[in-house]
Amino acid sequence: DYFDQLYELAIKMIKEGKAYADDTEQMEMRQQRWDGVPSRHRDDSVEDNLAHFAEMKTGSEEGLRWCVSEKISVDNPNKALRDPVIYRCNLLPHHRTGDKWKIYPTYDFACPIVDSLEGVTHALRTNEYRDRNPQYYWMIEALGLRPVFIWDFSRLNFIYTLLSKRKLHWFVDKGLVTGWDDPR
């Protein structure tokens, strides 16, 4: 529902120097982030970054080489703040938008934005996301969005009860329950 707004906000971030396009290979990028080494594209011009993002949007062979990363930090002790990727190419059609988009926002980019746009006041997140909370807050502040507060809680496990959407999906697909609203 928010792909257009997310795309415009990514452009805003690039124009404000808060994001950049990068074609570093995935394994090299992972090692650079771990070692606190900046990408060679981190300080490319806004014009170059916008051109690469536009190429990504077309889904061309050249565009597929690139992604867009936030420009937060290269050496923060919290590795979740080390220039995380916020947009990637994916040529597979989307189940709702078809083939309109060839680029998609990452969860870490979309989540704080959509929460803010939808009027969420408190995001309830399990502790496994705690290291990403500063990134969530950074994104909202960097874009000047309405704040959302995060409440962390410990993950809850039940014996003989499935809580995973991935696992529950099987019951819905097999018709063993009437749908997602079936309490069984």
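**The largest cavity is lined by 13 residues, and those nearest its centre are Tyr 20, Arg 33, Val 37, Ser 39 and Asp 83.** What you're looking at is a predicted model, with local features needing pLDDT of at least 70, side-chain atom pairs counting only at pLDDT 80 or more, and totals for chains, interfaces and linings using all residues. Residues are numbered from 1 along each chain as its sequence is written, and side-chain values use heavy atoms, leaving out hydrogens and water. The structure holds 1 cavity of 30 Å³ or more, and the largest cavity has a volume of about 90 Å³ (the space filled by probe spheres set on the points, which are joined across faces, edges and corners).

**Who lines the largest cavity: strand 1 (19-22) and helix 2 (26-35) each supply at least two residues.** Sorted by class, the lining has 5 nonpolar, 4 polar and 4 charged residues (Ala, Val, Leu, Ile, Met, Phe, Trp, Tyr, Cys and Pro are nonpolar, Asp, Glu, Lys and Arg charged, the others, Gly among them, polar).

**Helix 1 (residues 3-15) and helix 3 (residues 46-58) have axes that come within 9 Å and cross at roughly 155°.** That angle makes helix 1 roughly antiparallel to helix 3 (under 35 degrees is roughly parallel, over 145 roughly antiparallel, 65 to 115 roughly perpendicular, the rest oblique). Axes are lines fitted to C-alpha atoms over the stretch in contact, with angles from 0 to 180 degrees between N-to-C directions. The crossing of helix 1 and helix 3 is right-handed (the near helix is turned clockwise from the far one by less than a right angle). On the helix 1 side, Tyr 7, Ala 10, Ile 11, Ile 14 and Lys 15 meet Val 46, Asn 49, Leu 50, Phe 53 and Lys 57 of helix 3, contact meaning heavy atoms within 4.5 Å. The tally for the contact of helix 1 with helix 3 is 7 nonpolar, 1 polar and 2 charged residues.

**Helix 1 also packs with helix 5, at an angle of about 80° and with axes 11 Å apart.** That makes helix 1 roughly perpendicular to helix 5. Look for Leu 9, Lys 12 and Met 13 in helix 1, meeting Trp 138, Met 139 and Leu 143 in helix 5. By class, the contact of helix 1 with helix 5 comes to 5 nonpolar, no polar and 1 charged residues.

**Helix 4 (residues 107-117) packs with helix 5 (residues 133-143) at about 60°, their axes 9 Å apart.** So helix 4 is oblique to helix 5. Helix 4 passes helix 5 in a right-handed crossing. Helix 4 brings Asp 108, Phe 109, Cys 111, Pro 112, Ile 113 and Asp 115 to the contact, while helix 5 brings Gln 135, Tyr 136, Met 139, Ile 140 and Leu 143. The contact of helix 4 with helix 5 sorts into 8 nonpolar, 1 polar and 2 charged residues.

**Zooming back out, the chain has 6 helices and 6 strands.** These are DSSP runs numbered from the N terminus (helices H or I, at least four residues; strands E, at least two). Along the sequence the pattern reads α-β-α-α-β-β-β-α-β-α-β-α. Taken along the principal axes, the C-alpha atoms fill a box of roughly 55 × 35 × 35 Å.

Key:
1 Å grid on protein atoms, 1.4 Å probe; cavity = no way out; pocket = protein on both sides within 12 Å on 5 of 7 lines; lining within 4 Å.
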